[in-house]
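Here are a few friendly notes to go with your first look at this entry. Please keep the viewer open while you read.

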Amino acid sequence: MHADIVVLPGDGIGPEVTAAAVDVLRAVAARHGHAFRFHTHAIGGAAIDATGEPLPAATLEAARRADAILLGAVGGPKWSDPNARVRPEQGLLAIRKALGLYANLRPVKPHPATLGASPVKPHLLQGVDLVVVRELTGGIYFGDKAREADAASDLCRYSVAEVERVVRVAAGLARARRGRLTSVDKANVLETSRLWRDVATRVVRDEFPDVELEHQLVDSMAMHLIARPRAYDVIVTENMFGDILTDEASMLAGSLGLLPSASLGDGKAGLYEPIHGSAPDIAGRGIANPYAAILSAAMLLRHSLGLHAEAQAVEHAVSQALDDGRLTADIATAGKPTVATRAATDAVIDALQLPSQVMELRD
Ligand code: NAD
């Protein structure tokens, strides 16, 4: 297959981890007979330095034409003046909005080699394999805001269409996994949540009868996510609840350096990025953990290019590298040897298997 992939390295460790992910994608292309073309463009602080804008027009144009977009991270102390006219994270918000990326997918599957890195007890983490789907372009973050002398308000609004489309993404994902969907709301208090619950019930009943749907109130979900995370397959929720629950879920994996994400819309091009930031404290030293960016590339193969066996091969290779003890400093327990970004990336490339071999290993 031919694919045009736009690479947006961004700032700090962004260029280091996207370079690692691109190396892995090149290895996948070589081994599986694909032709991937990579087009690198500026975003965030690097783009502000080069053009004065966090999302230059040329970057957005390239992103609109791409089959998929791979992003590193944006931001850093150089651009953190709160009074500045332009800030790096505006580039991220602008590209998500311009491309209509309304569904944010964050898988969490702790690896046995890194269970000790999580504050949650290891026996609760064994077998955890869940995805949180967060609605990304609606709700209270985008509603009308008002400020008076002694009061303020933020409007939370959802349309039926906004709920339908994100529930379809989540239910489709559940169908391809273990067939279980948990919809999270606050329907005992909020009218938007009552709408959310009605729409989720109808969409799953009419279009995904093979998917088992349960509803959960967000406050009890916050407890269950820590107390019995193994019970969940796909969790779908609105923007603000998702913002909070995805951060909570990330603690199950122990390190930010292991967690990928995908932001999808109705267009073909999704945006794939590690959930961590630009880590200015370690930037330029070649020690950043590349696994989250590499796992984001695996999501890109699956969701934008439809290359499921290749995506699985990359995930398997990362798992193999971790099994073999190729742990970067952020995930190694005290006293264990650590590897740098290059060695971790090479370990993944070495472990890449042909799809038939992966299937055999899994059987
Ligand atoms: P951060 O995720 O950059 O770093 C938090 C801690 O985790 C740091 O100690 C860092 O060294 C470590 N870390 C993060 N990723 C790592 C990796 N791959 N390998 C090894 N260690 C890793 O969060 P922060 O320090 O709060 O923010 C730093 C900058 O990143 C800020 O400018 C912030 O605005 C930006 N940021 C960007 C994004 C994004 O681009 N999506 C997300 C979060 C923060």
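1. Which polar backbone atom is 2.8 Å from an oxygen atom of the ligand? That atom belongs to Ala279. Do bear in mind, here and below, that this is a predicted model.

2. In one, a backbone N or O atom of Gly76 lies 3.0 Å from an oxygen atom of the ligand. In the other, the side chain of Asp281 places an N or O atom 2.9 Å from a ligand oxygen atom. On its own the ligand has 810 Å² of accessible area, and the protein covers 64% of that.

3. Now step back to the surroundings of the ligand. Around the ligand there are 18 residues, and those that come nearest are Val74, Gly277, Ala279, Asp281 and Asn289. Sorted by class, this shell holds 9 nonpolar, 6 polar and 3 charged residues.

4. Next, the chain as a whole. Its secondary structure comes to 13 helices and 12 strands. The C-alpha trace spans about 55 × 50 × 45 Å along its principal axes. The radius of gyration is 20 Å, which agrees with a compact globule, because 363 residues packed that way would give a value near 21 Å.

5. Finally, packing and surface. Of the 363 residues in the chain, 53% are buried. Among contacts with a separation of 6 or more, 76% join residues 24 or more positions apart. The chain exposes about 15800 Å², and carbon and sulfur atoms supply 54% of that area.

Technical notes:
Residues numbered from 1 in each chain as written. Predicted model: local features only at pLDDT ≥ 70, side-chain atom pairs only at ≥ 80, totals over all residues. Heavy atoms only, no water. Near = heavy atom within 4 Å. Polar contact = N/O pair within 3.5 Å; in protein donor to acceptor, adjacent residues only side chain to side chain. Areas by Shrake-Rupley, 256 points an atom, 1.4 Å probe, with all protein chains shown as cover. Nonpolar A, V, L, I, M, F, W, Y, C, P; charged D, E, K, R; others polar. Helix = DSSP H or I, 4+ residues; strand = E, 2+ residues; numbered from the N terminus. Rg over C-alpha atoms; globule rule 2.2 N^0.38 Å. Buried < 20%, exposed > 50% of the residue type's maximum accessible area, 1.4 Å probe, protein only. Contact = heavy atoms within 4.5 Å.
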